[in-house]
Amino acid sequence: MIKIIQKLGYSTLELVTNIGLASIFLFNSIWAIPNFKKSFPIFIKQVYFLGVLSLLIIGLSGLFIGMVLGLQGYTILIDFGSEAQVGQLVALTLLRELSPVVSAILFAGRAGSATTAEIGLMKATEQISSLEMMGIDPFHRIIGPRFWAGVFSVPVLSIIFSIVGIWGGAAIVVELLGVSDGLYWGNMIAVVDWQEDIVSSIIKSVVFAILVIWVALYQGFYCYPTAEGISSATTKTVVFSSLLVLCFDFLLTALLF
Amino acid sequence: MKKNTNIYFLVGLFVCIGFLGLLILAFRVGGLAFTSQRSYEIHAIFSDVSGLTTRADVSIAGVNVGRVLDIDLEDDAQRAKVIMAINENIQLPIDTSASIRTSGLLGSKYVGLYVGADEEILAPGDTIFDTQSSLQLEDLIGKFLVQ
């Protein structure tokens, strides 16, 4: 009995410690760009690795999700004779929910896990300790640029996801199923609001970006420096960041809409 | 250096695509318009505005000439006051009447204006009292059943 309570106490303390450590970590990452000229090339390189190389998977998923939405929306709405509304259905579903959430989760799988593994391996091979020994703050050199590159890349990816999805929906609904393209685009324009839908979508994806890249960097930086440790940290990154994204999606939807 | 400039180019392209996407979202999907029409306010008093929402269309003969800015109760809390923004190039005679109409059978509500023939023009902030409230489908069915 006492052992169970001890265990509970231990895991509570560990949880609180981890949250505190992670918060300090986040704070350090945000303030980690002291020398713009030195950090900028690293930032660009990270935007390339995190953003540009994720374009293909984001674009393809966006295309297929948009096409599926168009197809499903059409088969349901045709029963009510209101298949003209399918454009606004596709656009609102993508902008409000799917594109921020799915692009963040895909980003966690494609780029977040890679970042964790990279930093974990740096730690295992003691590259981070050597940087510290040379008097270089790893937050300035490694963590900060990656953090900001992630925060910058995810919203861009999410915008691209929406656009590709809306065009994919148009391709199916207009070209294949024969809804007039004036109705598709016209209803969309009439309903989608710049501030309520598009700006909220971008706010959502910035928040998700911070969550995903934060979890990825933290897990990499504090993993056990062994092969097993790195593998479990990579798994944790994908699991935690996906869960956090879904949980915060609910909170943000409740707040924004 | 060769590889580096390549990366710079790709990242630049990435940023351009993102920016272009934002523009497409804003103008093609969101219907944001740069030409912010200058407008003036006209009030209208209705006995019932059920179903009308802010940002609803205001139209003359089916042509959009403005939007509903705000819906509020009149000062004596008996009837509803609808504040509309009318495009500046539209001039309304003083005997213009307003009615709340529905686009389609179940579509959204909008305010339809019937332009009068008077020579005097409504000034910004003036009120239209000659109004017809929104048609309630339930009331109509009720009347039909009583008959």
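Hi everyone, let me start with one residue, W167(A), which sits in helix α6 of chain A, the helix covering residues 138–176. Before going on, please keep in mind that this is a predicted model.

W167(A) and G66(A) are 101 residues apart along the chain, yet 7.4 Å separates their C-alpha atoms.

That pair takes us to two helices. G66(A) belongs to α3(A), and both G66(A) and W167(A) are among the residues where α3(A) meets α6(A). In general, a packed pair of helices is described by the distance between the axes and the angle between them. Here, α3(A) runs over residues 55–77, and its axis comes within 7 Å of the α6(A) axis, with a crossing at roughly 40°. The two helices, α3(A) and α6(A), are therefore oblique to each other. As for handedness, the crossing of α3(A) past α6(A) is right-handed.

Who takes part in that contact? From α3(A) we have, among them, I58(A), G59(A), G62(A), L63(A) and Y74(A). From α6(A) the list includes L157(A), F161(A), V164(A), G168(A), G169(A) and V173(A). Sorted by class, the contact between α3(A) and α6(A) has 16 nonpolar and seven polar residues, and no charged ones.

Helix α4(A), residues 86–124, and helix α7(A), residues 181–191, have axes that come within 7 Å and cross at roughly 50°. With that angle, α4(A) is oblique to α7(A). This crossing, of α4(A) and α7(A), is right-handed. On the α4(A) side the contact is made by V86(A), G87(A), Q88(A), A91(A) and L92(A). On the α7(A) side you will find L183(A), Y184(A), W185(A), N187(A), M188(A) and V191(A). The class count for α4(A) with α7(A) is eight nonpolar, three polar and no charged residues.

Zooming out, what does the secondary structure of chain A come to? Chain A has nine helices and zero strands. Its C-alpha trace spans about 65 × 55 × 30 Å along the principal axes. Of its 257 residues, 43% count as buried.

Now for chain B. Chain B has two helices and eight strands, and along the sequence the pattern reads α-β-β-β-β-β-β-β-β-α. Why is chain B described as more spread out than a compact globule? Its radius of gyration is 23 Å, whereas the globule rule gives 15 Å for 147 residues, so chain B is well over that value. The C-alpha atoms of chain B fill a box of roughly 85 × 45 × 30 Å along the principal axes. Buried residues are 22% of the 147 in chain B. Of the chain B contacts between residues at least 6 apart in sequence, 62% join residues at least 24 apart.

Last stop, the place where the chains touch. The contact takes 19 residues from chain A and 16 residues from chain B. On the chain B side, those residues divide into 12 nonpolar, four polar and no charged.

Definitions and conventions:
Residues are numbered from 1 along each chain as its sequence is written. Chains are lettered from A and ligands numbered from 1 in the order in which they are written. This is a predicted model: local features need pLDDT of at least 70, side-chain atom pairs count only at pLDDT 80 or more; totals for chains, interfaces and linings use all residues. Helices (H or I, at least four residues) and strands (E, at least two) are DSSP runs, numbered from the N terminus. Two residues are in contact if their C-beta atoms, placed from the backbone, lie within 7 Å. Ala, Val, Leu, Ile, Met, Phe, Trp, Tyr, Cys and Pro count as nonpolar, Asp, Glu, Lys and Arg as charged, and the others, Gly among them, as polar. Axes are lines fitted to C-alpha atoms, for helices over the stretch in contact, and angles run from 0 to 180 degrees between N-to-C directions. Angles under 35 degrees count as roughly parallel, over 145 as roughly antiparallel, 65 to 115 as roughly perpendicular and the rest as oblique. A crossing is left-handed if the near helix is turned anticlockwise from the far one by less than a right angle, and right-handed if clockwise. The radius of gyration is taken over C-alpha atoms; the globule rule is 2.2 Å times the number of residues to the power 0.38. A residue is buried if 20 or more other C-beta atoms lie within 10 Å of its own, exposed if 12 or fewer, and partly exposed in between; C-beta atoms are placed from the backbone.
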